[in-house]
Amino acid sequence: MSDKLAFIHRFEPATRLEAPPLLLLHGTGGDENDLLQLGGLLSPGSARLSPRGKVIENGMPRFFRRHAEGVFDEDDLRVRANELADFVEAARNAYGIGKPIAVGFSNGANIAAAVLLLRPDTLAGAILLRAMVPLAHPPKVDLSGKRILMVSGDHDPIVPRENAAQLASLLSARGAQVESHSLPIGHQLSQADLTLGRRWIEALDRTTLEKAS
Ligand code: MLT
């Protein structure tokens, strides 16, 4: 296998070929096993590619370094987002899958947002659960044709409401089709995330996904 497949990861092949492939990105302290089940519930039969973040913070895997809670090391984030995009490309070749929809939670949602902004060709779209603005000066990329679902928590102690709203509007301003929800919950995932995510994936226009592949 190519050394670009240099993330510890799990891959579960599709059992329903028309289901969109998913790239599952865990939160801080998670690993490649964390979101596999969620991915299967969101989109039964989808291929699931699930890497483990390479940065270790107090023993906990993450996808990029930070200076403090919510204060990102943007130089590291840029390097890691590109590295993850290269991994996705290599994995698509190795496993023969189409362009994936990222499903990211927390730190995983933040790196998914960074990949969309820095390497937009990597993803067909994204479900961003508790995401925040990843870069202070996001590049003016063209995100037209990308579908994005954002689900935030009104009582999230980590992601201020305005920050999530800012991310939704900067993605829309770059042409992405963003559906954004704020729920009366905190940072942790809830049944409502699953319900919204599942409905959103079911409604995805297959031709848009095919065009993006
Ligand atoms: C991050 O560092 O990406 C965010 O603060 C979310 C988290 O706590 O991981």
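Predicted model: local features only at pLDDT ≥ 70, side-chain atom pairs only at ≥ 80, totals over all residues.

User: Which residues are around the ligand?

Analyst: Residues are numbered from 1 along each chain as its sequence is written, and side-chain values use heavy atoms, with hydrogens and water left out. A residue counts as near if one of its heavy atoms lies within 4 Å of the molecule. The residues around the ligand are Thr28, Arg62, Phe64, Arg66, Glu69, Gly70, Phe72, Ser106, Asn107, Asn110 and Ile158.

User: How far is a polar side-chain atom of Asn110 from an oxygen atom of the ligand?

Analyst: Let us take the pairs of N or O atoms within 3.5 Å. For Glu69, a polar side-chain atom is 3.5 Å from a ligand oxygen, and for Arg66 a side-chain N or O atom is 3.0 Å from one. For Asn110, the distance from a polar side-chain atom to an oxygen of the ligand is 2.8 Å.

User: How much of the accessible area of the ligand does the protein cover?

Analyst: Accessible areas here come from the Shrake-Rupley method with a 1.4 Å probe. On its own, the ligand has 260 Å² of accessible area, and the share that the protein covers is 96%.

User: How many nonpolar, polar and charged residues does the shell around the ligand have?

Analyst: Ala, Val, Leu, Ile, Met, Phe, Trp, Tyr, Cys and Pro count as nonpolar, Asp, Glu, Lys and Arg as charged, and the others, Gly among them, as polar. Sorted this way, the shell has three nonpolar, five polar and three charged residues.

User: In which strand does His9 lie?

Analyst: Now to another part of the model. The side chain of His9 makes a polar contact of 2.7 Å with that of Tyr95, and a polar atom of the His9 side chain lies 2.8 Å from the backbone oxygen of Phe7. Strands are DSSP runs (E, at least two residues), numbered from the N terminus. His9 belongs to residues 9-12, which form strand β1.

Conventions:
Polar contact = N/O pair within 3.5 Å; in protein donor to acceptor, adjacent residues only side chain to side chain. Helix = DSSP H or I, 4+ residues; strand = E, 2+ residues; numbered from the N terminus.
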